[in-house]
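Please walk through the model below with me.

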Amino acid sequence: MTDPAVGQAVAQQQFYQLLGTLLATDNDQRMHAEEAYNNIPIETKVTFLFASLHDASMDENMRSMSAVLLRRLFASDFQDFYPKLPPEGQAQFKQQVLQTLQVQQSPVVRKKVCDVVAEVARDLIDDDGNNQWPEFLQFLFQYASAGDPNLKEAALRMFTSVPGVFGNMQSQYLDVIKQMLSASLQPDEQYFVRVQAVKALGSFVSMHDKEVTIQKHFADLLPNFMQVVHLSLEQRDDDDALIQVLIELAESTPKYLRSQIQPIFQMCIKVFGDQEADDSTRQLCLEVMVTLAEAAPAMVRRQALPQVAQLTPLVLQTMADLDDDDDWANQDDLAVEDNDSNSVVAESSLDRLCCALGGKTMLSLIMATVPSMLQAQDWRQRHAALMAVSSAGEGCHKQMEALLSEIMGGLLEFLRDPHPRVRHAACNAVGQMSTDFAPIFEKKFHAQVVPGLLMVLDDSANPRVQAHAAAALVNFSEDCPKNILTQYLDAIMGKLEGILNSKFKEVSLVEDGTKLVLEQVVTTIASVADTAEKDFEVYYDRLMPCLKYIIQNAKTDELKMLRGKTIECVSLIGLAVGENKFMRDASEVMDLLLKTADGDLPEDDPQTSYLISAWARICKILGSKFEQYLPLVMGPVMKMAAIKPEVALLDNDDLESIEDDVDWQFVTLGEQQNFGIKTAGLEDKAAACDMLVCYARELKEGFAAYAEDVVKLMVSLFKFYFHDGVRTSAAESLPYLLECATVKGPLYVQGMWAFICPELLKAIDTEPEQEVLIELLHSLAKCIEKLGPGCLTEEAMAEVLRLINKIMEEHFQKAVERLEQRKDEDYDEVVEEQLEDEDSDDVYCLSKVADVIHALMMTYRVNFYPYLDQIVGHFASLLSPDRPSTDHHWGICIFDDIIEFGGPACAKYQHYFLQPIVNSVINEAAEVRQAAAYGCGVIAQFGGDQFAQTCAQSLGKLIQIINEPDSREPEKINATENCISAVTKILQYNNTAIDVEDILRHWITWLPLVEDADEAPHVYGYLAKLLEARHPIAVGASGEGLPRALAAFAASLASGALLPESEAAQRLLAITRDLQTNTELFNACITAMTTEQQRALHDALTPAT
């Protein structure tokens, strides 16, 4: 019988051999070893790994590997192992962990074992913060106070890994923790101990990023902390770890660094400006300053402005750190920009500094250096200056907008620069400014920009420059007013067609640059068509053969992007010219696209996203005729929309092998783990979801067969937190999908809604991004409107009310927080601008709450009142005098709906709304006046006789606004027209407490209404009633009032405020036709009109052919 001890020893030796194989360089050997290791039971792994760490004869690399494997095991499977041990076994295990650290002599292995101990300590803190391993705390302090610096470093390393190790007892240990860190940071301590103390302090403070009291408690450690960081830079430590700590603190707790802000900037500027320093160190020092500017811009503006002034020209000069490349101008496949190059990092940093600190701080600093750089002989300087102008536009928008003429006057000449890369940068600046300052830029500079870019399009010797000029034209045309772009259509299209015709048959890539130029030219043609719309029709017949030729023949892998962009171009041209023109090519184009999809494209094929978007555009063009293609396109679209991204949970060691992969993004989870997602394909998924929304919206019942599968997918995507656009599309789709399903009957729709509703409400409750939350609320409102009364169960209604209550409480709390921020020591006018932007976002969310209340009142009417009682207090609070005008506006809008859809029963809430609505008619804010005037109108129309005195009371204020000298100015006209409509409703529906005849004499003089399409039918319906009754004030004794009345009618038709098909317009047209029998009086009426009014009336009177 075999001795168990011998068997154990043999197994241990086999395990050692396995460890050695795990370190092998041969991939196959290592993979087989990993598979064998994974099949070993956890308990056996733990036993053998501990044994190897105690075996001093084992190779250091193998013992290090053992420690790494043990930490990974405890990080992922601790709960599968430890709880199964009996109490005495747990105690022995904890003792063994500490002993394993104590026996280590190798510094390398000791560090790895420290990570193991820290992982176990982390695992032994329960959810309530109870530390189940008090022996570790004693051990930690014992090592920290030891005379051996190696033990001190070990203690600090463990504390760095698990700074929350004290759990709910931390407050009792704060002074001890501070003493431990302070002692280790002292100048007379060993350097490597001080380095680890910096890491430990950084980890501890970062963990308490929300606890200002703790940050203040540890603030006096900062000078010694900074001394060590400074020393590490002077010694040029290889790993730059301490600068990374500083970056983490700058990001998480910038205020903690306040007392050292100037020394930090001075230290980092010194290193960043040192050309001899390692590039990665220089860039990290720049990152410290940029991160501080982003995390605490007001503090940097107040405390470090001189240093920012020093930094800016250094950044600009670093942007000029470029290499000459003879092949640059002819490169066809543009490699991804080297994100680690000094010039790219500096350009990105300038953009971030501008966005963080604002134009008032940054623009003058940039413009102090840019002019001299533009005049430099070295092309790199000119290039950097132009790229700086491009980078500054977003953050310095308001300040640059005032200087556009001056900036453009000097910029456009560089489109003629002798160096191609400078011309490229000039095109980049023009394109970026076209986007940043649209449409003002296009309106002011089209006469210079378009000819300038067309000139660069002739640069066939430098295809990369030629393509970038076409790219700048895309930016320009996207936001260019149609009437401006059409002035240049022939010139633009003549140039683009010329390039297309000369290149499109060279798709075999005989010449370098051909593919790049073609890709950009077809994109530019698509953009121009999108803006020009029907005016593009004249170029259709000449372009389509070339574009179809490319789709048919560009089949090799390197031409997939060109083919995809051409597919996009064809579909956008079709959308621009419309169904009648595109119809003859539609079938052939769809066949070409479907053949492409039939090829079972790989997931990363660039053609896929273009195909899916093109199908959606063609769906818009063809409408119901597109239904025949649904069986063929839905497979690829659903597959793309349902794609699951590749994710990974990696520890720091594994991360090193993949973190430079541009297709992956990582987020740190705790000290040792990192969550990664492969971002390639996410945009395609979002586009596919958007296309499904398009199909449901455009095809309605024609999409019914797919509604159920799409609903199941979309509802599941509420939890897809990797991409906001996916969740937004999921929310947007729901009302359209319910409409698609109506053809299957009410029971089917009810079943679908029963599936959607709980998940939609859950998504509203848990959604972290406000932009998506807004779309979810909008979707809920539209679903309720579509489904009608009774669509919410009692349980669902209770949840809706809870969510509204939660959102309203957050609304008021955010306002309090903004008030506190205004008291901050670094508060300034730029902070105020940011707070106002935050307020605008919050108000937009409030507007969606108003949409939900509107939907509930519109569907449930007075039956909603018992539920409203539970939340009405929030809406009353919005009307409080100390609330901002935006709150008043939306509060009044909500009560307007409560009145309009609740009728006379709204009187139960009049103590909330009556005086605020009447008094707000003369509010300074136009949007508040408009909502209040509308409220007066609905009180008159729906409130009943009980509000007769209120209507009489409001008249004076309404008339006051109407009669103001500037009441018809653009910013006031909507409120004014709502006041006229409110008076109209009082005259028509609630006039018992007023002198109707007296008010009518004024009312007739207030016409026309030319802006408000919602209120015009009410006003002109009342005018029709007066004319039909031949009321003397409207008609006059002998018809002398008719010219004024019909001119007012014609003016409203001409402006589009009143549509000819509306009931009010039809009644007035009937009166006009009757009047035509009295030639003299009719001619008098026509003479009183402008030419535009006469044409509008004539068109309305003329039957459609």
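C427 sits in helix α24, which covers residues 420–436. Helices here are DSSP runs of H or I with at least four residues, strands are E runs of at least two, and both are numbered from the N terminus. The relative accessibility of C427 is 1%, so C427 is buried. Buried means under 20% relative accessible area, exposed means over 50%, and partly exposed lies in between, with a 1.4 Å probe and protein chains only. Leaving out residues up to four places away in sequence, C427 touches L415, L453, V456, H468, A469 and A472. A contact means heavy atoms within 4.5 Å. Q283 is another matter: 144 residues separate it from C427 along the chain, and their C-alpha atoms are 27 Å apart.

All of this is a predicted model, in which local features need pLDDT of at least 70, side-chain atom pairs count only at pLDDT 80 or more, and totals for chains, interfaces and linings use all residues. Residues are numbered from 1 along each chain as its sequence is written, and side-chain values use heavy atoms, with hydrogens and water left out.

Now turn to V538. It lies in helix α30, residues 537–553. V538 has a relative accessible area of 52% and is therefore exposed. The C-alpha atom of V538 is 9.2 Å from that of V577, 39 residues apart along the chain.

Next, the backbone. Most residues other than glycine have a negative phi, and most peptide bonds are trans. Where are the cis bonds? One joins A438 and P439, with omega about -5°. P439 is placed in the loop between α24 and α25 (440–456). Another cis peptide bond joins L1007 and P1008, and its omega is about 15°. P1008 belongs to the loop between α50 (996–1003) and α51 (1016–1028).

Positive phi values also deserve a look. K700, a residue other than glycine, has phi near 50°. K700 is in the loop between α36 and α37. Its relative accessible area is 35%, so K700 is partly exposed. R861 is also a non-glycine residue with a positive phi, near 55°. R861 falls in the loop between α42 (829–860) and α43 (865–868). With 41% relative accessibility, R861 counts as partly exposed.

Which residues touch the most other members of the largest nonpolar core? They are W615, F626, Y695 and W1003, in a core of 392 residues. Such a core is a set of buried Ala, Val, Leu, Ile, Met, Phe, Trp, Tyr and Cys residues joined through side-chain atoms within 4.5 Å. Helix α36 (residues 682–699) gives the most to this core, with 11 residues. Take F626 in detail. Not counting residues up to four places away in sequence, F626 touches M590, W615, I618, C619, V633, Y695 and L699.

Helix packing comes next. Helix α37 (residues 704–716) packs with helix α39 (residues 746–766) at an angle of about 10°, and their axes are 10 Å apart. Axes are lines fitted to C-alpha atoms, for helices over the stretch in contact, and angles run from 0 to 180 degrees between N-to-C directions. The two helices, α37 and α39, are therefore roughly parallel to each other. Angles under 35 degrees count as roughly parallel, over 145 as roughly antiparallel, 65 to 115 as roughly perpendicular and the rest as oblique. From α37 come A707, E708, V711, K712 and V715; from α39 come Y748, M752, F755, I756 and E759. By class, this contact has 7 nonpolar, no polar and 3 charged residues. Ala, Val, Leu, Ile, Met, Phe, Trp, Tyr, Cys and Pro count as nonpolar, Asp, Glu, Lys and Arg as charged, and the others, Gly among them, as polar.

A second pair is α46 (residues 910–920) and α48 (residues 948–962), whose axes come within 9 Å and cross at roughly 25°. So α46 and α48 are roughly parallel to each other. L914, Q915, V918 and N919 of α46 make the contact with T950, Q953, S954 and K957 of α48. By class, the contact of α46 with α48 has 2 nonpolar, 5 polar and 1 charged residues.

Finally, step back. The protein chain has 56 helices and 3 strands. Its C-alpha trace spans about 120 × 75 × 70 Å along the principal axes. Of its 1105 residues, 54% are buried. Among contacts with a separation of 6 or more, 72% are between residues 24 or more positions apart.
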